[in-house]
Amino acid sequence: MNSGVREVCKRCTVIGGSGFLGRHLVEKLLERGYIVSVFDILQGFELPGVTFHVGDLCDRQALLPALQGASVVFHCASPSPASDDRALFHRVNVEGTRTVLQACREAGVQRLVLTSSASVVFEGTDIKNASEDLPYARRPIDYYTETKIQQEKLVLEACDPGRGFLTVAIRPHGIFGPRDPQLVPILVDSARRGKMKFIIGFTLNMITLAYSPALLSWRAEGRVRPRELTPSCPRQAYHITNDEPVRFWEFLSRLLVGLGYEAPRYHLPYRLVYGLALLLWLLAVLLRPLLTFRPTFTPMRVALAGTHHYYSCARAKQELGYRPLVSLEEAITQTVRSYPHLRLGA
Ligand SMILES: NC(=O)C1=CN([C@@H]2O[C@H](COP(=O)(O)OP(=O)(O)OC[C@H]3O[C@@H](n4cnc5c(N)ncnc54)[C@H](OP(=O)(O)O)[C@@H]3O)[C@@H](O)[C@H]2O)C=CC1
Ligand SMILES: CC(C)=CCC[C@@H](C)[C@H]1CC[C@H]2C3=C(CC[C@]12C)[C@@]1(C)CCC(=O)C[C@@H]1CC3
């Protein structure tokens with residue numbers, strides 16, 4: 001292979017590369033010698049070797065220059081799941097993804113890796129060791145999930161090995177780790193406001209999570225191209241987790257205690273809290289023209305707190321060679337260490 005060809009093979013674009021997962025991915029790709037372009041609505045950081053393209057992914061003209069010459073595109077952009085702006089979710093996750101697909105084809109991109117979510121099958125009821133064969137949620141719990149389902153379908157249906165365009169969706173679940181803007185910050189904010197004293201529902205519900213650095217080291221190795229991706233087996237989604245189911249409340253308690261806060265200990269009935277969360281959500285929608293407030297305990301969060309939701313990543317292990325690189329124990333230790341500013345009293 002001459003150096004020109006090698007260079008083209010190693011060129012990639014990370015859409016949403018300024019975000020939590022996207023930025024970790026950019027760093028790993030650089031370590032592995034990729035030439036990286038980032039496309040994001042804002043430039044979140046500066047790194048030698050990274051070219052930034054600032055724009056909205058719904059704008060094909062803005063997107064195209066960022067994709068030129070890339071053999072692989074990682075799509076990691078989405079509005080925050082904390083938002084309840086249905087129109088925004090639809091515009092970015094559904095219409096925006098159509099635009100990404102169109103632009104990829106125009107730019108001659110060969111592989112598109114979507115960061116979907118394991119929550120595309122979650123309806124608020126128990127999920128135990130689920131494989132990817134579980135159907136999509138018929139009644140998605142929020143707009144985020146509703147549009148992640150549509151997004152994943154669009155991307156997988158666009159897979160066209162005959163034309164040399166391969167698509168794959170990875171489905172992480174509850175990503176955490178250094179710089180995570182969601183799980184640990186929301187947890188600490190709730191603890192600081194005295195809202196983390198309660199255990200919702202029963203204490204034994206298990207979940208799986210995905211520790212970002214471990215997830216990304218693997219992903220950036222280019223193992224995202226399924227070996228079996230052939231015309232007879234073109235559409236693939238893969239659960240990616242730490243592969244160590246843990247009790248939800250034990251996991252949260254270890255993070256809280258590690259940061260100096262008390263673990264939750266008083267019990268509240270699941271149905272009561274879920275009902276209250278629904279009521280608050282409804283009030284927030286109805287009162288929106290007059291006042292804006294964002295309840296901490298959304299129906300989705302309460303459902304996640306009170307049910308089993310653990311996923312099997314056997315398919316990714318078998319077909320993609322996936323292995324979680326860090327134990328859950330180590331992942332929690334590293335995460336706690338990375339948030340000195342969120343410790344009690346800091
Ligand atoms: N975090 C988690 O637990 C999980 C996340 N995922 C998925 O992983 C992906 C990455 O998530 P995460 O890193 O946590 O999210 P972040 O919000 O940290 O990153 C997403 C990035 O995309 C940007 N973005 C949003 N809208 C647009 C747009 N219209 N055009 C260009 N860029 C845009 C965001 O900018 P801005 O911040 O300004 O909006 C942000 O920089 C998402 O697809 C998410 O659905 C899946 C499972 C779990
Ligand atoms: C109710 C409670 C005690 C909340 C504190 C922790 C939560 C903030 C997180 C626990 C599980 C997380 C999670 C997500 C966001 C943050 C939590 C609710 C996602 C909804 C993020 C986006 C996804 O694609 C799925 C995630 C599932 C787990």
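Where does N129 sit in this model? Its place is in strand β6, residues 127–130. The model is a predicted one: local features need pLDDT of at least 70, side-chain atom pairs count only at pLDDT 80 or more, and totals for chains, interfaces and linings use all residues. Residues are numbered from 1 along each chain as its sequence is written, while chains are lettered from A and ligands numbered from 1 in the order in which they are written.

**The overall picture**

- Tally up the secondary structure and you get 12 helices and 15 strands. Helices (H or I, at least four residues) and strands (E, at least two) are DSSP runs here, numbered from the N terminus.
- The protein has 346 residues and a radius of gyration of 20 Å, which agrees with the value near 20 Å for a compact globule. That radius is taken over C-alpha atoms, and the globule rule is 2.2 Å times the number of residues to the power 0.38.
- Along the principal axes, the C-alpha atoms fill a box of roughly 65 × 45 × 40 Å.
- Buried residues make up 43% of the 346. Buried means that 20 or more other C-beta atoms lie within 10 Å of a residue's own, exposed means 12 or fewer, and partly exposed is in between, with C-beta atoms placed from the backbone.
- Of the contacts with a separation of 6 or more, 77% link residues 24 or more positions apart. A contact needs two C-beta atoms, placed from the backbone, within 7 Å.

**The seven-stranded sheet**

- Seven strands make an open sheet in the order β3-β2-β1-β4-β5-β7-β12, with parallel pairing. Strands pair if DSSP finds at least two bridges between them.
- At the edges are β3 (50–54) and β12 (237–240), each pairing on one side only.
- Neighbouring strands are turned by 20 degrees against each other on average, direction ignored. The axes behind that angle are lines fitted to C-alpha atoms (for helices, over the stretch in contact), and angles run from 0 to 180 degrees between N-to-C directions.
- β1 (residues 11–15) runs parallel to β2, and five bridges join them. T13 stands opposite S37, and I15 has F39 as its bridge partner.
- β2 (residues 35–40) is joined to β3 by five bridges as well, again running parallel. F39 turns up here too, opposite H53 in β3.
- Four of the five residues of β1 are buried, so that strand is largely enclosed by the rest of the structure. β2 is mostly covered, with five of its six residues buried.

**Around ligand 1**

- The shell holds 27 residues, and G16, G19, F20, L21 and A77 come nearest. To be in a shell, a residue needs its C-beta atom, placed from the backbone, within 6 Å of the molecule.
- Two elements give two or more residues to this shell: α2 (20–31) and α4 (86–107). The largest share, three residues, comes from α2.
- By type, the shell splits into 13 nonpolar, 11 polar and three charged residues. Ala, Val, Leu, Ile, Met, Phe, Trp, Tyr, Cys and Pro count as nonpolar, Asp, Glu, Lys and Arg as charged, and the others, Gly among them, as polar.

**Around ligand 2**

- Here 15 residues make up the shell, and S117, G174, I186, R301 and A305 are the closest.
- α6 (183–192) and α10 (299–306) are the elements that give two or more residues. α10 supplies the largest share, four residues.
- The residues divide into nine nonpolar, five polar and one charged.

**Residues worth a look**

- Most residues other than glycine have a negative phi.
- N129 is not a glycine, yet has a positive phi of about 50 degrees. N129 counts as exposed, with 12 C-beta neighbours inside 10 Å.
- R179, also not a glycine, has a positive phi of about 75 degrees. R179 is in the loop between β8 (175–176) and α6, and is partly exposed, with 15 other C-beta atoms within 10 Å.
- L268 belongs to strand β14 (residues 266–268) and is partly exposed, with 16 C-beta neighbours inside 10 Å.
- Leaving out residues up to four places away in sequence, L268 touches F198, I200 and V273.
- L268 and T333 are 65 residues apart in sequence and 29 Å apart in space, C-alpha to C-alpha.
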